[in-house]
Amino acid sequence: MVTSVQFSPNIVSSGASKLPVKAAASRLLDSAPVASLPEDIPLDALKVICPSDLGKETSSSSEDEADVVTKANGAAASKVDSDTLVLGKNFHDFCLTITEPEFDDDVTGEKDAYMAGVLARYRKTLVERTKYHLGYPYNLDFDYGALSQLQHFSINNLGDPFIESNYGVHSRQFEVGVLDWFARLWDLEKDEYWGYITNCGTEGNLHGILVGREVFPNGILYASKDSHYSVFKAARMYRMDVVKVDTLLSGEIDCADLKRKLEENADKPAILNVNIGTTVKGAVDDLDLVLKTLGDSGFTEDRFYIHCDGALFGLMMPFVKKAPKVTFKKPIGSVSVSGHKFVGCPMPCGVQITRMEHINVLSKNVEYLASRDATIMGSRNGHAPIFLWYTLNRKGYRGFQKETQRCLRNAHYLKECLRAAGFGVMLNELSSTVVFERPQEEAFVLKWQLACQGKIAHAVVMPSVTVDKLDKFVAELIKSRQSCFPDGKVVAPCIVEDVGPENCACDEHKNVHASAEAQSFQY
């Protein structure tokens, strides 16, 4: 089973150690059905992301976008020279090489023409791949044309957002406006919070957990096993003791197990990561129950620190009726969200908010900047705050409320379509992440860019995901599944351990699944 396929850059990693390339190519390029999950890294993973002939001239400027991707795929496949891909090495066969300009290039302009052609083809590839983007939580519905006039400036918000440094080309006024907006959302007054716009959601988690560690240097980090990998990365970076807590079937933290583990370490302060939407199942930890569990385990407010990882749903939850409220009126220490997910910023970024009383443990004077700094990074993207400020002004609270409702409604629509088609499927009540049985054709997984874990995959319904797109996805998924069973006898895999009997469509649990389906339609 393929456990991961990553490019960072041109690095291929997987759970296996040697992967037969010819077998993978044959499997994907042959039209024969695939009866089981492939053991190989599919070549499409390399072909789609790094098409090797992006730099070549085209025969026609009007060729179809899909043809560009198809030709790139074919060219990449034809360049495979070895029988195996050995992991633990960097592969440079699928990159765009940088070459030195010719001595007369200023006159001929050949290099500029070449690069223009590469970028034009790359744009066509992006357009094509964006059509089939469903497995990762990115809102692709945005238009920032009005901000193109600012791309000529090197805008850097280095240092503290609230203290101007010697570097004058910054966007702090936009950054502080964005931070004030989020502070109001989470019930903190201007003089009660500190925060900054991060380079990604992971940085928000790294910062929140670092603040917790500085407040309680001997504290133990508690996080559910379904927490984002960046939480455990933070524990390794800061050399913290970390305790993984079991989860319920929904992916929510198991507070009974949390209580047991808190009591086992009652002599040390607790630093907790609370998920406002887990990575795979979109589960929301019950903050109120976590706080009660801390109290029942003998932890008073001066002996714990809570960081809330709200990468995706942290901005959706305030607009969901009956959702547990994330607010600084409760004894939490920090909240972080991503700006490139639900908000729809074209570059990775995020927002981190913490209490003013905590930040002094991190903040240091930096004479070189004529400022103070308590951030993780030094230089920070000064364009990101402007993009966030722009979209927050355009949409406002009411705009995000409408988008949240549409996402949840469309997620329920997708769940019902999959259930009606006989797929095992689960959707948490407060989530737009639809979990279903992993497609058996890896080529289908790659086409729709699905995120998979074991026997399950998920689709994240974002504001840019329309009903038409969902209909196309379901139709192609049904066709893909049928191709794996030439005799017409479709056998649904058992995913009961991941989604429970009422959401599993295998032969053993299909009666429970059918009962749940009937109740759903009755509702």
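Residues are numbered from 1 along each chain as its sequence is written. Because the model is predicted, local features need pLDDT of at least 70 and side-chain atom pairs count only at pLDDT 80 or more, while totals for chains, interfaces and linings use all residues, and side-chain values use heavy atoms, with hydrogens and water left out.

Trainee: In what order do the seven strands of the open sheet stand?
Mentor: Strands here are DSSP runs of E with at least two residues, helices are runs of H or I with at least four, and both are numbered from the N terminus. Two strands pair if DSSP finds at least two bridges between them. The pairing in this open sheet is mixed, and the order of its seven strands is β3-β9-β8-β7-β6-β4-β5.

Trainee: Which strands stand at the edges, each with a single partner strand?
Mentor: An edge strand has a single partner, so one side of it is left without a neighbour in the sheet. That is the position of β3 (193-198) and β5 (242-245).

Trainee: Which residue of β9 is the bridge partner of Tyr 196?
Mentor: β3 and β9 pair in the antiparallel sense over six bridges, and strand β8 (residues 334-338) also pairs with β9 in the antiparallel sense, over five bridges. In that strand β9, Thr 354 is the bridge partner of Ser 334, while the bridge partner of Tyr 196 is Gln 352.

Trainee: How many residues of strand β9 are buried?
Mentor: Buried means under 20% relative accessible area, exposed means over 50%, and partly exposed lies in between (1.4 Å probe, protein chains only). Both faces of β9 are covered, with Gly 350, Gln 352 and Thr 354 buried on one side and Val 351, Ile 353 and Arg 355 buried on the other. Strand β9 (residues 350-355) is largely enclosed by the rest of the structure, because its buried residues number six of the six.

Trainee: What is the angle between the planes of Trp 181 and Phe 182?
Mentor: Rings of Phe, Tyr and Trp (its six-membered ring) pair if their centres lie within 6.5 Å, and planes under 30 degrees apart count as stacked, over 60 as edge-to-face and the rest as tilted. A search of the whole structure finds 17 aromatic pairs. Trp 181 and Phe 182 form one that is edge-to-face, with 4.9 Å centre to centre and an angle between the planes of 75°.

Trainee: How many residues apart are Phe 436 and Phe 473?
Mentor: Phe 436 and Phe 473 form an edge-to-face aromatic pair, 5.8 Å centre to centre with 65° between the planes, and both residues are buried. The pair links distant parts of the chain, since Phe 436 is in strand β13 (residues 433-437) and Phe 473 is in helix α14 (residues 467-483), and their separation in residues is 37.

Trainee: Over the face of which ring does Arg 481 lie?
Mentor: A charge sits over a ring if NZ of Lys or CZ of Arg is within 6 Å of the ring centre and within 35 degrees of the ring normal. Arg 303 lies over the face of Phe 299, at 4.6 Å from the ring centre. Arg 481, at 3.8 Å from the ring centre, lies over the face of Phe 423.
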